[in-house]
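Hello,

Here is the structure I said I would pass on. My notes on what turned up in it follow below.

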Amino acid sequence: MKGQVIWLGQAGFVIEGDDARVGVDLFLRSDPRLRPPFCHPDALGFLDATFVTHEHHDHMDRFTLTALTDRLRAMDVVVPCPIAEEAKALGIPRVRPAEVGLPMRYGDIEATPVRARHAAHMAEGYHFGEPDGRFLGYVFRVGTAAVYHSGDTIMYPELADTLRGLGVTVMLLPINGRSYAREKAGLVGNLTPEEAVDLAAEAGAAVLIPMHYETYPNNLGDVGQAAEMAYRRGVTLVVPRYGQRVPLDWNAV
């Protein structure tokens, strides 16, 4: 088993096993950003499913999902259960609701939803969703590897232990952080670079791949700070270019 993960920008990834291929938070709409999308959705090839972590436009992108479902009629779009109707309203034909702790499988890829702590609007404050499970991350098990895509989240007390219990080996984490000025402007924040490294270290992951730091000028993160923190904590930081395949079998390294 030689799984791979491919970063497509912002929080968008493709995860490949031997006989299955899934996307997560694919955001390939062309809009004003610092880097253009890696490709058009039509260039992605086959996907068994694409997973959505929450309803923000750079995670549940109507353009990308419509383009994919128009071409891939059998592809599921997996979304948190509380936003399933919202996803259907986008015209998505095959919506599969996800609930915390209930695994689902596509070929040799098993996905387990995990709570994320976030907010749809900053006025709400950070929470787990109303109802619970509105914001999710996913742990994708591919052979001996377990890849955690956090979606948008901040730290919460049980998170590291939950991920350690699921045997996470590779983490895909946002590093754009949060600040008073950005939150005042309505921008809901995420893990800081230091918090992302701390989470990877505390959960016992072998590798951290940073995300969500390079797309919009008002919502950046410091990948250099993440590298410095990772060195101090003994975490392997991998910073791929768009479209680069990163192997998941880090247990053998």
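This is a predicted model: local features need pLDDT of at least 70, side-chain atom pairs count only at pLDDT 80 or more; totals for chains, interfaces and linings use all residues.

**Strands, a helix and a pocket**

Strand S9 (residues 136-142) and strand S10 (residues 145-149) run antiparallel and are joined by five bridges.

S9 and S10 belong to an open sheet of seven strands, in the order S7-S8-S9-S10-S11-S12-S13, with mixed pairing. Its edge strands, each pairing on one side only, are strand S7 (104-106) and strand S13 (236-237). Helix H5 (residues 193-203) lies across S10, strand S11 (170-174) and strand S12 (207-211), and runs at about 155° to S11.

Val142 also comes up in the surroundings of Ile15: leaving aside neighbours within four places in sequence, the contacts of Ile15 include Val142, Phe140 and Val147, as well as Ile109 and Leu248. Ile15 itself lies in strand S2 (residues 12-16). Is Ile15 buried or exposed? Ile15 counts as buried because its relative accessibility is 0%, and the cut-off for buried is under 20%. Ser30, 15 residues from Ile15 in sequence, is 22 Å from Ile15 in space, C-alpha to C-alpha.

The last item is the largest pocket, with a volume of about 280 Å³. Its lining consists of 19 residues, and those nearest the pocket centre are His56, His57, Asp58, Leu187 and Asn219. By residue type, the lining of the largest pocket divides into 12 polar, five nonpolar and two charged.

Regards

How values were computed
Residues are numbered from 1 along each chain as its sequence is written. Side-chain values use heavy atoms; hydrogens and water are left out. On a 1 Å grid over the protein atoms alone, a cavity is a set of points where a 1.4 Å probe fits but cannot get out, and a pocket is an open set with protein on both sides within 12 Å along at least five of seven lines; lining residues have an atom within 4 Å of a point. Grid points are joined across faces, edges and corners, and a volume is the space filled by probe spheres set on the points. Ala, Val, Leu, Ile, Met, Phe, Trp, Tyr, Cys and Pro count as nonpolar, Asp, Glu, Lys and Arg as charged, and the others, Gly among them, as polar. Helices (H or I, at least four residues) and strands (E, at least two) are DSSP runs, numbered from the N terminus. Buried means under 20% relative accessible area, exposed over 50%, partly exposed in between (1.4 Å probe, protein chains only). Contact means heavy atoms within 4.5 Å. Two strands pair if DSSP finds at least two bridges between them. Axes are lines fitted to C-alpha atoms, for helices over the stretch in contact, and angles run from 0 to 180 degrees between N-to-C directions.
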